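Subject: Structure handover

Hello,

Here is the structure I said I would pass on. Please look it over before reading my notes.

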Amino acid sequence: MNQSNQSKSHLLKEKFMSMGDWIMDHTKIVMPVVLVVCVIITVFFAVNANRKEALEKEAEMAAAAVAQEEESAEQEETLTPVYELEKNAYPEVNSIVRTYYDAQTSGDIEVVSALNTYLNEIEKIRVEELSKYIEDYPVLDVYTKPGLEENTYVAYVYSEVKFKDIEQALPGMQTYYIGQNENQEFFINDGTYDDSVWNYIKEVTLQDDVVDLNNKVVVEYNEYLAADEELNEFVAYLKEKINEEVGEILAKAEQPAEEEVPAAQEEAAESADTQEDNAQQPVQESQTSAVQTVKATDVVNIRTSDSETADKIDKAQVGQEFRLLEQRGNGWSKVEFNGGDAYIKSEYLEVVPDAQVPAAGDEPQTASAQESQGTVSVIENVRVRKSASTESESLGTAYVGDELELLMKQADGWTRVKYKGETAYVKSEYVE
């Protein structure tokens, strides 16, 4: 048996050797064949690897597409629904809007506050002051879209306001979120809305039909102002006037009430002042060259007499100079103003050292504030005035986009500018 196995092993060995000899004898044929086989094997594995990678990528893309479809479906569920914009569709809503606007016309703050409890004190004062100039709202159209909850509405109120002594009514539009209280009574705003409501209002207001309505009203508003110079100037004046009146009311509310002066004491003071005037008059006439010049250190009222209850003539501006006629012991100074006598609180004046005394009738001079400090742009139509007061003479109207030479931005809310070669004033909030 062992001999047989050895014989087979010997034969096999001889065959391998014979094959090896054959390969060596036929190398030129065998090597190219081997090379081709290797290439085929390499290509086979490469193709399989690429196919596997392609299948994996295809699977990833399919998964991403499914995820995107799911995300889109979620977004569609959270998008604000688009409802048709309805005009005067709900009589109850129109009724509450009419009540609210009528209350604004009459200045009935109690009714206004009851319907819109979110108004702060400044807005209430503004409504009350504005009512003095409004005659009526002859047109009120209420456009609505459903709110987030039942019986709530996003309301766009188109109005035409008729001002007193102005012939042409002016269009406008306001946005409200109208709801119901526990007694099923409609209100404009009770101040309880959360961020979801405000976000909803913003999203609804950006819908195409609301944007179109708003654009239409804006175009109509601008066309009315462009076609009616009287209306345009009145609107510019009204904005300034309301802002000033609100500011004065707030300032007055912060000041302590003035103490009453007994009538006998007041008469005695007036008598003493008269005697003092008579005694000092010859001295002033004989010492004209010694008369001092003073300048205002702050914006301050110029009055007809030495009392805070006296009529206001104008406002002194920072740096404005005056001929000092008398410095009284009661805290007031008599100065020359526009060729006559006027009074300013002494605490707001300081002596100008070695100043040249202006001749009688000369315009009061302002110090370095007259130097140009660049320009400002008008951002809203505004009246240009001779002095820093809405009661002052109007020199004209500056329109949006106009450039004015800047002289000084004052702390009192007015900006001093050059206008048609003159020193003039505009409200600071209308320029930048």
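Predicted model: local features only at pLDDT ≥ 70, side-chain atom pairs only at ≥ 80, totals over all residues.

Residues are numbered from 1 along each chain as its sequence is written, and side-chain values use heavy atoms, with hydrogens and water left out.

Strands here are DSSP runs of E with at least two residues, numbered from the N terminus. Strand β3 covers residues 153-163, and 11 of its 11 residues are buried (under 20% relative accessible area, 1.4 Å probe, protein chains only). Y153, A155, V157, S159, V161 and F163 point one way from β3, and V154, Y156, Y158, E160 and K162 point the other way.

Two strands count as paired if DSSP finds at least two bridges between them. β2 (residues 134-146) runs antiparallel to β3, with 10 bridges joining them; I134 stands opposite F163. β3 also pairs with β4 in the antiparallel sense, over nine bridges, and there A155 stands opposite Y176.

Each of these hairpins has six residues between its strands: N151 takes a positive phi near 65° in that of β2 and β3, and D165 does likewise in that of β3 and β4. Most residues other than glycine have a negative phi. D165 counts as exposed (over 50% relative accessible area) because its relative accessibility is 75%.

Q184, in the loop between β4 and β5 (186-187), is not a glycine but has a positive phi of about 60°. Q184 is exposed too, at 56%.

Regards

Terms used:
Helix = DSSP H or I, 4+ residues; strand = E, 2+ residues; numbered from the N terminus.
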